[in-house]
Amino acid sequence: MVFWHPRGYALYRALENVVRSWTAKDGFEEVRTPELLRSAIWEQSGHWENFREHMFAFSDDGKSAAMKPVNCPGHAQIVKKRSLSHRDLPLRLAEFGIVHRDEPSGVLHGLLRLRQFTQDDGHVFLAEPDVEREVAHFCSSLHDFYQALGFADIAVNFATRPARRAGSDDLWDRAERALENAARRAGLRCRNKPGEGAFYGPKLEFELGDRLGRSWQCGTIQLDFVLPERFELSYDDASGKRVQPVMLHRAMLGSLERFLGILLEHYGGRVPAWLAPEQVRVLPVRPEQRGYAEELGLRLRERGLRASCDASDATLGRRIAKAHDLCVPLLWVVGAREASDGTVTERPFADAQRVLSVVSALDAAASVSAPPVGPRPAQAATRTFSD
């Protein structure tokens with residue numbers, strides 16, 4: 001489990017905010033569910049039977065309970081409390097859900113494999129005829145998201161029924177056929193992974209290739225007929241008949257912590273300015289310019305930028321080197337001339353320095369530090385995934 005220090009937590013929050021913005025533009029409503037649930041819910045969902053060895057279980061007044069390893073049963077409880085009509089569908093619920101899994105100590109590996117992590121989880125409850133359209137839109141949006149984060153090598157796996165599963169063969173035939181059709185409509189070329197699906201349904205897995213040639217399995221979308229049946233979920237169709245919805249489980253990152261580790265590996269620690277824990281550092285040349293530098297730092301923070309002022313006694317060269325070691329994307333150096341003229345000398349990492357007015361420098365810093373924008377309208381046929 002992670003102890004988040006200030007700079008690391010700034011990374012975490014920056015990534016979380018981008019995902020939250022993207023998810024909201026995709027029509028999801030954010031919810032929060034308990035981290036500890038009685039075992040009756042896990043028995044009903046099938047996790048107690050199929051996932052029990054990975055769950056932290058407790059006794060609660062003589063009744064068993066467990067920390068949640070996933071968020072889907074909690075979202076099903078929210079849906080069950082609502083009287084849904086076909087007009088309410090698709091119903092999209094999202095959660096940055098903290099989950100716990102009892103992983104063997106030998107497989108734990110920094111941010112990449114943890115016992116406590118945060119899923120950028122989402123569940124869509126919809127009518128079965130709408131599955132293809134919803135999956136195609138998710139794939140299109142996810143493609144844009146990964147490219148905005150700097151990943152161009154994206155491959156897709158189609159994971160089918162495992163030996164240990166819930167639901168009848170007829171149900172699995174229906175689910176696999178529907179997801180395969182949805183993948184085809186999304187323009188995906190999938191590699192088959194027999195037996196690698198979730199115990200409740202088949203899934204598409206999205207693998208990212210980093211700059212060192214390594215592959216990382218991240219986002220998923222899973223088609224589920226099992227949990228809606230087990231939790232007795234229903235909605236009124238256009239004729240007034242009670243009908244069971246289909247459930248899609250989707251995640252863009254999978255785990256925020258793990259994805260941060262992947263981003264750090266991908267960029268060699270020098271992440272884009274939108275993600276950097278410190279986006280701008282202001283360096284006064286001499287103590288006489290400290291007041292001017294601190295005022296600039298305040299104006300940067302008022303613009304929503306993560307900025308600081310280093311007016312320590314170290315030489316300017318050593319302070320610049322320290323900022324470069326910390327991978328700060330933008331340095332503003334201010335001496336007597338800058339303070340007098342109302343300017344800054346901007347020193348982007350690996351680019352030539354330039355002198356800018358304060359207003360121009362603020363605009364430039366805000367532009368280079370802007371987070372990726374949300375999804376564009378779905379155009380699945382134009383997206384290119386790897387074979």
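This is a predicted model: local features need pLDDT of at least 70, side-chain atom pairs count only at pLDDT 80 or more; totals for chains, interfaces and linings use all residues.

Let's start with helix 8, residues 256-266. Is helix 8 largely enclosed by the rest of the structure, or left open? Eight of its 11 residues are buried, so helix 8 is largely enclosed. The buried ones are Leu256, Glu257, Phe259, Leu260, Gly261, Ile262, Leu263 and His266. What do they pack against? Among the partners are two helices, helix 1 (6-25) and helix 5 (131-148). The buried residues also pack against strand 6 (91-100), strand 7 (116-126), strand 10 (203-209) and strand 11 (215-224). After helix 8 comes Gly268, with a positive phi, near 60°.

Next, the sheet. Strands of a sheet pair through backbone hydrogen bonds, and the pairing is either parallel or antiparallel. Here we have an open sheet of three strands in the order 5-12-13, and its pairing is mixed. Strand 5 runs parallel to strand 12, residues 235-236, and the two pair over two bridges. Across from Ser85 you will find Asp236 of strand 12.

Last, the single residue. Asn157 sits in strand 8, residues 153-159. Is Asn157 buried or exposed? Its relative accessible area is 2%, and buried means under 20%, so Asn157 is buried. Its side chain makes a polar contact of 3.0 Å with the side chain of Arg191. Leaving aside residues up to four places away in sequence, Asn157 touches Arg191, Lys193, Lys203, Leu204, Glu205 and Glu207.

Key: Residues are numbered from 1 along each chain as its sequence is written. Side-chain values use heavy atoms; hydrogens and water are left out. Buried means under 20% relative accessible area, exposed over 50%, partly exposed in between (1.4 Å probe, protein chains only). Helices (H or I, at least four residues) and strands (E, at least two) are DSSP runs, numbered from the N terminus. Contact means heavy atoms within 4.5 Å. Two strands pair if DSSP finds at least two bridges between them. A polar contact is a pair of N or O atoms within 3.5 Å; within protein, one must be able to donate a hydrogen and the other to accept it, and residues adjacent in sequence count only if both atoms are side-chain atoms.
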